[in-house]
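Biologist: I would like to learn how to read a protein model. Could you walk me through one?

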Amino acid sequence: MRTLDDLGAVEGLRGLVRVDFNVPLADGAVSDDARIRAALPTIEELRGRGARLLLVSHLGRPKEREPKYSLAPVAAYLADLLGVEVGLATDLDSVPDGDVVMLENIRYEPGETKNDPALSARLGALADFYVNDAFGAAHRAHASTVGVVAHVGTSAAGRLLQREVETLTGILADPGRPLVAIVGGAKVTDKIGVIDAFLKVADTILIGGAMSYPFFRSQGHAVGGSLCEAEGVEPAARALAQAGGKLRLPVDHVLGAEFSADTEAIGHDEIDVPDGLMGLDIGPRTAALYAAEIASAGTVFWNGPMGAFELPPFAAGTRAVAEAVAATDAVTVVGGGDSAAALAQFGLDDRITHMSTGGGASLQLLEGKTLPGLEVLS
Ligand code: AMP
């Protein structure tokens with residue numbers, strides 16, 4: 001992977017920098033700036049080296065030029081952060097001059113998601129060099145992540161993309177032991193690739209959330225009304241057969257009558273779930289066992305909540321795991337999405353070694369899949 005160290009002199013040159021500014025907006029203003037801050041090291045380094053920057057990002061999934069997906073609020077926010085003017089180019093034919101310019105939402109261009117060669121060439125013509133720092137979009141072959149590379153002289157990964165790749169591949173290649181992976185969330189089939197990858201290298205895999213139920217069903221347990229993905233039963237059975245005792249399943253649950261914050265939480269100290277009730281969280285014995293595994297780990301990877309953590313009566317298991325991950329001295333890596341949201345909800349997100357900015361991309365990388373946006377930078 002080429003990095004900013006391989007770019008050579010960039011003074012006076014225009015760099016097209018693909019960033020991931022797909023941030024949440026509320027009332028037309030940025031409501032979570034983590035992804036913007038995560039791109040600052042690359043932006044500041046390139047500016048320090050004398051380059052002029054054209055920043056390119058997507059925001060949401062606009063069908064046409066829907067104004068609610070405009071990057072104007074993000075450009076204004078970045079201008080405040082950097083203390084410089086950030087011009088907004090409303091289209092590719094009218095890019096203003098300036099040290100830092102942001103292009104309007106690249107998904108306003110119909111060719112972006114098709115990796116259209118004509119759009120790729122137009123993007124390339126705007127710059128002398130290209131940097132991709134959008135880890136969250138690196139698993140997609142789009143014009144601004146893949147096609148453009150053939151139309152610029154030099155290209156490299158930015159510092160965020162570099163750190164994501166080095167950290168995530170590093171925990172598989174040379175982890176501090178024991179390596180404990182915590183995998184939760186709704187569906188086994190979403191996570192089976194990453195479970196398979198960790199079966200090869202991890203010492204322990206802790207399973208939680210609704211994806212536990214296909215494992216239990218494959219063992220012949222009753223799952224009651226729990227969310228239990230039918231297609232997950234066969235891969236769960238296969239993973240259990242290969243695990244050689246590395247896979248841990250919950251030993252107790254918190255049950256409820258329905259998926260609702262008003263439902264009474266019922267502790268249940270056995271595996272089989274009665275009819276008419278659903279498992280909505282891991283129980284306190286499971287939480288204590290998992291916290292102890294995390295406390296003695298050398299490296300921890302976490303993706304996916306232990307239950308329906310958005311509902312206060314069923315958040316305790318995810319909170320216990322989040323607190324254990326925050327408290328350990330181990331290297332801790334969190335794979336974006338709901339686990340990151342849970343840590344933020346509990347105010348623990350600043351106590352993680354590496355919080356990935358890309359949910360889908362981090363899983364694909366750990367599964368050993370090639371990310372198209374990375375491949376073109378190798
Ligand atoms: P994922 O996107 O696969 O990481 O799944 C996260 C979602 O799974 C969250 O919205 C949780 O509310 C949901 N979830 C986790 N555990 C359960 C459960 N036991 N029952 C129902 N939903 C769950």
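Modeller: We will take the ligand, then the sheet, then some single residues. This is a predicted model: local features need pLDDT of at least 70, side-chain atom pairs count only at pLDDT 80 or more, and totals for chains, interfaces and linings use all residues. Residues are numbered from 1 along each chain as its sequence is written, and side-chain values use heavy atoms, with hydrogens and water left out.

Biologist: Which residues come nearest to the ligand?

Modeller: A residue is near a molecule if one of its heavy atoms lies within 4 Å of it. There are 14 residues around the ligand, and A186, A210, G279, E310 and D338 come nearest. By class, the shell has seven nonpolar, four polar and three charged residues. Here Ala, Val, Leu, Ile, Met, Phe, Trp, Tyr, Cys and Pro count as nonpolar, Asp, Glu, Lys and Arg as charged, and the others, Gly among them, as polar.

Biologist: Which atom of A210 lies 3.1 Å from a nitrogen atom of the ligand?

Modeller: Start with the idea. A polar contact is a pair of N or O atoms within 3.5 Å; within protein, one must be able to donate a hydrogen and the other to accept it, and residues adjacent in sequence count only if both atoms are side-chain atoms. For A210, a backbone N or O atom lies 3.1 Å from a ligand nitrogen. K191 uses a polar side-chain atom, 3.2 Å from an oxygen atom of the ligand. Taken alone, the ligand exposes 500 Å², and the protein buries 83% of that. Accessible areas come from the Shrake-Rupley method with a 1.4 Å probe; for residues, only the protein chains shown count as cover.

Biologist: Now the sheet. What is the order of its strands?

Modeller: Strands (E, at least two residues) and helices (H or I, at least four) are DSSP runs, numbered from the N terminus. Two strands pair if DSSP finds at least two bridges between them. This open sheet of six strands has the order β11-β10-β9-β15-β16-β17, with parallel pairing. β11 (247-248) and β17 (354-355) stand at the edges, each with a single partner strand, so one side of each has no neighbour in the sheet.

Biologist: How many bridges join β9 to β15?

Modeller: Five, and the two strands run parallel. β9 (residues 179-183) also pairs with β10, in the parallel sense, over four bridges. Look at V180: its bridge partner in β10 is T204, and V180 stands opposite V300 in β15.

Biologist: Are the two faces of β10 covered or open?

Modeller: In a regular strand the side chains alternate between the two faces of the sheet. In β10 (residues 204-207) both faces are covered: T204 and L206 on one side, I205 and I207 on the other, are all buried. Buried means under 20% relative accessible area, exposed over 50%, partly exposed in between (1.4 Å probe, protein chains only).

Biologist: Why does H268 count as buried?

Modeller: Because its relative accessibility is 16%. H268 lies in strand β13 (residues 266-268).

Biologist: Where does S226 lie?

Modeller: In the loop between α7 (212-218) and α8 (233-243). S226 is buried, with a relative accessible area of 8%. A polar atom of its side chain lies 2.9 Å from the backbone nitrogen of G279. Contact means heavy atoms within 4.5 Å. Leaving aside neighbours within four places in sequence, S226 is in contact with Y213, V273, L277, M278 and G279.
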